[in-house]
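Reader: Walk me through this model, please. Keep it brisk.

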Amino acid sequence: MLVNVSFAVIVKTPYSYNTITDFLLSQPLTVDVEIEDETAGCFPLKCIEFDATVLYVGMHDFARLTLELSPAEILIYLNMFLVWMRDSLEREPFCVVERFLDSAIVLLFSEKFGSKEPFFDAIRVARWMGEHDELLFRPDMGIASGRVAAGFTGTPKEFTGSVFGRPLLLAAACAKMKPQGQMAACITFPEEEWRGRPFAELFPPLEFDHPEQGRVRQPSTWKLGESRSVEIPSLGTVGLRDVANFVHWPPAGNAKEKARGWFAMIKAKGYYKYNT
């Protein structure tokens, strides 16, 4: 059934920061000055520096999808991707930062936003995505931690809050450096992030109620890969670790075909009007 729907992805944190702009407007700034450069001109510099863990969630094969789907279909696909993430986003203390080129979501975890263990929270969100991928999005996921700066950028007509720093670049690079193989999901991060943690602490066994066997406990479907070194442009040689899930969802349906189906229904019901 085709219905008119209005929705917004709202992320609640213990400190009620739904956006980086909320955070910037409610906290003391690390830097609050106005710079007057003889060439670039006059502009304000308002930012907050803090430690954070970045989870980069990229839409897999976005360029190929853009070529295979119509513009309206890829918009439907992107919205399905965001709604799919919503269940995980609503229960975790983080802030949605920004979307790069409409093909990735960057999530920020920090003690500033209520995370007691930012890396653990980032892993937990990524794990949820890998375990609930019924529509076969297979997102590219990378994690990195370090010092970031949240600040305002823009023109005299509009300023927006954004986040900058090496962890964003490294998390994006990790997402694109996942190993080859028939994995259902993969999370990649710098080797030092793991810090010798017990695997079961971050990827506990699965527990569920079976109609005949009662409470069932099964080993985790995730596997920790060996350390590997990769060369990342601008960052040099980086040691990485991967955690992969090899349990695939049955190919009963996927987001790409659903996006096509929804758009076909929109056109069939006369809601699509081609503009010349």
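**Helix packing and loops**

Author: Helix H3 (residues 71–90) and helix H7 (residues 255–268) pack with their axes 9 Å apart, at an angle of about 125°. Helices here are DSSP runs (H or I, at least four residues), strands are E runs of at least two, and both are numbered from the N terminus. The model is predicted: local features need pLDDT of at least 70, side-chain atom pairs pLDDT 80 or more, while totals for chains, interfaces and linings use all residues. Residues are numbered from 1 along each chain as its sequence is written, and side-chain values use heavy atoms, without hydrogens and water.

Reader: How are H3 and H7 oriented to each other?

Author: Axes are lines fitted to C-alpha atoms, for helices over the stretch in contact, and angles run from 0 to 180 degrees between N-to-C directions. Under 35 degrees is roughly parallel, over 145 roughly antiparallel, 65 to 115 roughly perpendicular, and the rest oblique. The angle is about 125°. H3 and H7 are therefore oblique.

Reader: Is Leu 136 buried or exposed?

Author: Leu 136 sits in the loop between helix H4 (118–131) and strand S5 (140–155). Buried means under 20% relative accessible area, exposed over 50%, partly exposed in between (1.4 Å probe, protein chains only). At 17% relative accessibility, Leu 136 counts as buried.

Reader: What is the phi of Ser 234?

Author: Most residues other than glycine have a negative phi. Ser 234 lies in the loop between strand S11 (228–232) and strand S12 (236–245). Ser 234 is not a glycine, yet its phi is positive, at about 75°.
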